[in-house]
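Me: I have a protein model open and would like to go through it step by step. Could you help me read it?

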Amino acid sequence: MPSHRMPSEADIISTVEFNHTGELLATGDKGGRVVIFQREPESKNAPHSQGEYDVYSTFQSHEPEFDYLKSLEIEEKINKIKWLPQQNAAHSLLSTNDKTIKLWKITERDKRPEGYNLKDEEGKLKDLSTVTSLQVPVLKPMDLMVEVSPRRIFANGHTYHINSISVNSDCETYMSADDLRINLWHLAVTDRSFNIVDIKPANMEDLTEVITASEFHPHHCNLFVYSSSKGSLRLCDMRAAALCDKHSKLFEEPEDPSSRSFFSEIISSVSDVKFSHSGRYMLTRDYLTVKVWDLNMEARPIETYQVHDYLRSKLCSLYENDCIFDKFECAWNGSDSVIMTGAYNNFFRMFDRNSKRDVTLEASRESSKPRAVLKPRRVCIGGKRRRDDISVDSLDFAKKILHTAWHPAENIIAIAATNNLYIFQDKVNSDMH
């Protein structure tokens, strides 16, 4: 997991995603690679050893491309990975860069057929005159091989950069969103998609907002949500119309005029939206906060948590070094009672919705040693400082945790810190759970 060499740009992790059982964990990076980790089964000798994730398969998902019509380079960077619900022994996932979505199938082989009638063991055709009797081929055990094969390529669906993909609960369709449009695809059809949202104005000079993220409802296949750079959420119902430009519900918090500043619009942009497992709530992340919204209440969020309020006074320098445009993700735990999101200095935050307690933890080499206990960290602004506190002026803004994932059922979290993947489990700060 943590590597000791200087990270190259290609090694920077750009997405992290558990599958539906949590047994597999996929990461994508800026070099277009996908690495799949598999959880080790519990052994009889060490019953508590279950939970180690080891590399299961690594493959190149996307290559750099060039759009000759627009004279644009298309990066190989993996923007998002989504697992499909497992329907047979094979696993399937979707991965996307800025323009092209690919469906990959992951299969295991631990047996090989031997004793063909017409081919020798190398697979070459035998001289037919030497074949005098029929034999039944047999399956012989072999070392486990994990094979990854591209099943479908969904290209040419987007003019702008794809920022999210989401598999529908019907297990047959998925959607992909770029800055101005959302498309609905059938998993079996690669040459066409249906445009379900289009916010592109007739005149691009009239453009006031872009789509930042979107997701299907976990249980209702007709509902989806998308977020915007203006801080709003639009819940859409595909039963109402084929083109969902008229949303069913608009979730927006009125701005407090007294706190308005030059940065208000930038920091209110929603960088991620996630439905709760129950489907009742939505979680959003903007630059300084995470918010929980109830699907039945559009006027304002029911909960707002400050992620790093101490940065409010630093927005000017964060604007100058472009950090203010960082897109942090957020995640629910399996029971929707705790939420998690990343911050700077390799810190990540957890908020317990019931006890209202929150904690700042750090992903570091020291904390990733076996049986290490994560110590809560505190950031202070001027004045008195406790021994372990870190001053807001000494935070490292190059170390940022943008991508996190939570195991669907257990207290296991995956944290991407630049080119390192940290997996913390179970006893992570037990007073939070």
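This is a predicted model: local features need pLDDT of at least 70, side-chain atom pairs count only at pLDDT 80 or more; totals for chains, interfaces and linings use all residues.

Me: Fine. Which residues is Asp29 in contact with, leaving aside its neighbours within four places in sequence?

Reply: With those neighbours left aside, Asp29 is in contact with Ala10, Asp11, Ile12, Ile13, Ser14, Lys77 and Ile78. Asp29 itself belongs to strand β2, which covers residues 24-29.

Me: And is Asp29 buried or exposed?

Reply: Asp29 counts as buried, because its relative accessibility is 7% and the cut-off for buried is under 20%.

Me: Let us step back to the chain. How many helices and strands does it have?

Reply: The secondary structure of the chain comes to two helices and 31 strands.

Me: What are the spans of the C-alpha trace along its principal axes?

Reply: The C-alpha trace spans about 95 × 60 × 40 Å along those axes. The radius of gyration is 24 Å, which agrees with the value near 22 Å that a compact globule of 433 residues would have.

Me: How much of the chain is buried?

Reply: Buried residues make up 48% of the 433 residues. The accessible surface comes to about 22,600 Å², and carbon and sulfur atoms account for 50% of that surface.

Me: What share of the contacts with a separation of 6 or more comes from residues 24 or more positions apart?

Reply: Such residues account for 52% of those contacts in the chain.

Me: What about the charges: how far apart are the mean positions of the positive and negative ones?

Reply: The chain has 55 positive and 64 negative charges, and their mean positions are 3 Å apart.

Me: New topic: cysteines. How many disulfides are there?

Reply: The count comes to zero disulfides. A disulfide is a covalent bond between the sulfur atoms of two cysteines. For a pair to be counted here, the two sulfur atoms must lie within 2.5 Å.

Me: What is the phi of Cys171?

Reply: Phi of Cys171 is near 60°, a positive value in a residue other than glycine. Most residues other than glycine have a negative phi. Cys171 sits in the loop between β11 (164-167) and β12 (173-177), and Cys171 is partly exposed, with a relative accessible area of 27%.

Me: What about Thr418?

Reply: Thr418 has a positive phi of about 55°, although it is not a glycine. Thr418 is found in the loop between β30 (412-417) and β31 (420-425), and at 25% relative accessibility Thr418 counts as partly exposed.

Me: Last one: where is Arg300?

Reply: Arg300 lies in the loop between β21 (289-294) and β22 (303-306) and is partly exposed, with a relative accessible area of 48%. Leaving aside neighbours within four places in sequence, Arg300 is in contact with Glu252, Glu253 and Trp293.

Me: How far is Arg300 from Asp127?

Reply: Arg300 and Asp127 are 78 Å apart in space, C-alpha to C-alpha, and 173 residues apart in sequence.

Definitions and conventions:
Residues are numbered from 1 along each chain as its sequence is written. Side-chain values use heavy atoms; hydrogens and water are left out. Helices (H or I, at least four residues) and strands (E, at least two) are DSSP runs, numbered from the N terminus. The radius of gyration is taken over C-alpha atoms; the globule rule is 2.2 Å times the number of residues to the power 0.38. Buried means under 20% relative accessible area, exposed over 50%, partly exposed in between (1.4 Å probe, protein chains only). Contact means heavy atoms within 4.5 Å. Accessible areas come from the Shrake-Rupley method with a 1.4 Å probe; for residues, only the protein chains shown count as cover. Lys and Arg count as positive and Asp and Glu as negative; His and the chain ends are not counted. The place of a charge is taken as NZ of Lys, CZ of Arg, CG of Asp or CD of Glu.
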